[in-house]
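Biologist: Could you walk me through how to read a model like this one? I would like to begin with its pockets.

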Amino acid sequence: EEVHVAEAGDYYEYNTTLAQYLEFHFGEAWHGEPHFPKELARLCIDAMDGRYPGKALDLGCACGRATFELATHFNHVEGVDFSDAFVRQASTMARDGRVRYARPEEGELVSHREVSLAALGLAETAGKVAFHQGDACQLGSEFGGYDLVLAANLIDRLYKPSAFLTRIHERINDQGLLVIASPYTWLEEYTPKAEWVGGFLRNGGAYTTLDGLKDLLAPHFELLVGPHSVPFVIRETRNKYQHSFSEVTVWEKREG
């Protein structure tokens, strides 16, 4: 493949973070690990286990791969992300069936990539998805009636995760599912320490994020599938990759 120097005003939008996430969503799987957004969607679909696949929400959808993957099973899927740039790329993929980006290789060098829904086997899903810019802590009233909500690598990047966790039941149908995936990488630059769900000492003992999730979700949810780790790899350059693990839990909304 050809490698070029990234130029300002290039036909390919050159933004390093955006390009990394487009590659993470629509590019290759790396180092023998499963393709993370696709794997999460598969876990969601498996967890539905015969429940009606009406409407799903992919919250923190980034560039939208899991939204499209969920739409292979659900009648309609909405993707919401705080980043307008990510939402624009996801919407472009739905509208045009393809996106282009400049993938960082080394220093100023990039390779120009084009990926299509058709090549991913997802062409049929374009009409079943919609993407919106939004804030997970203050979702608009139009978002509701979901049979499944996926929050992938989201909670540890919210400024007030409790606002999301204590109100998301209002958006989910009875017996609907909430799927949370997170590496629990709490950082004060994203979340004030007082708002961390876990990852600190409480009453002299370790209080984990799973402990916090159980406490915050207990009024409206039951833990259906216990925590298990799903790896993900983000390619930064040709020679540098982030290798992380996201802990996945599946919660069922109680009736009433």
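Modeller: Gladly. The largest pocket is lined by 37 residues, and those nearest its centre are Tyr-21, Phe-86, Asn-153, Leu-154 and Arg-157. Please keep in mind that this is a predicted model, where local features need pLDDT of at least 70, side-chain atom pairs count only at pLDDT 80 or more, and totals for chains, interfaces and linings use all residues. Residues are numbered from 1 along each chain as its sequence is written, and side-chain values use heavy atoms, with hydrogens and water left out.

Biologist: What counts as a pocket or a cavity, and what volume does the largest pocket have?

Modeller: Rolling a probe the size of a water molecule over the atoms shows where empty space is left. On a 1 Å grid over the protein atoms alone, a cavity is a set of points where a 1.4 Å probe fits but cannot get out. A pocket is an open set with protein on both sides within 12 Å along at least five of seven lines, and lining residues have an atom within 4 Å of a point. Grid points are joined across faces, edges and corners, and a volume is the space filled by probe spheres set on the points. Here the largest pocket has a volume of about 980 Å³.

Biologist: Which helix gives the most to the lining of the largest pocket?

Modeller: Helices (H or I, at least four residues) and strands (E, at least two) are DSSP runs, numbered from the N terminus. The chain has six helices and 12 strands. Helix 1 gives the most to this lining, with five residues. At least two lining residues each come from helix 1 (16-26), helix 2 (36-48), strand 2 (55-59), strand 3 (76-81), strand 7 (146-152), strand 11 (221-237) and strand 12 (240-253).

Biologist: How many residues of each class are in the lining of the largest pocket?

Modeller: The lining has 22 nonpolar, 10 polar and five charged residues. Ala, Val, Leu, Ile, Met, Phe, Trp, Tyr, Cys and Pro count as nonpolar, Asp, Glu, Lys and Arg as charged, and the others, Gly among them, as polar.

Biologist: And how many cavities of 30 Å³ or more does a search of the whole structure find?

Modeller: The search finds one, and the largest cavity has a volume of about 70 Å³. Its lining consists of Phe-24, Glu-28, Ala-29, Trp-30, Glu-33, Pro-34, His-35, Phe-36, Phe-232 and Val-233. By class, these divide into seven nonpolar, one polar and two charged.

Biologist: Is helix 1 largely enclosed or open?

Modeller: Buried means under 20% relative accessible area, exposed over 50%, partly exposed in between (1.4 Å probe, protein chains only). Eight of the 11 residues of helix 1 are buried, so the helix is largely enclosed by the rest of the structure. The buried residues include Leu-18, Leu-22, Phe-24 and Phe-26. Their cover includes helix 2, helix 3 (65-70), helix 4 (84-96), strand 4 (98-106), strand 5 (109-116) and strand 11.

Biologist: What does Leu-216 touch, not counting residues up to four places away in sequence?

Modeller: Contact means heavy atoms within 4.5 Å. Leu-216, in helix 6 (residues 209-217), touches Ser-162, Leu-165, Thr-166 and Val-197 on that count. The C-alpha atoms of Leu-216 and Leu-165 are separated by 6.5 Å, though the two are 51 residues apart along the chain. Over the chain, among contacts between residues at least 6 apart in sequence, 70% join residues at least 24 apart.

Biologist: Last, how does the radius of gyration fit a compact globule?

Modeller: The radius of gyration is taken over C-alpha atoms, and the globule rule is 2.2 Å times the number of residues to the power 0.38. With 256 residues, a compact globule would be near 18 Å, and the chain has 18 Å, which agrees. Buried residues make up 49% of the chain's 256 residues.
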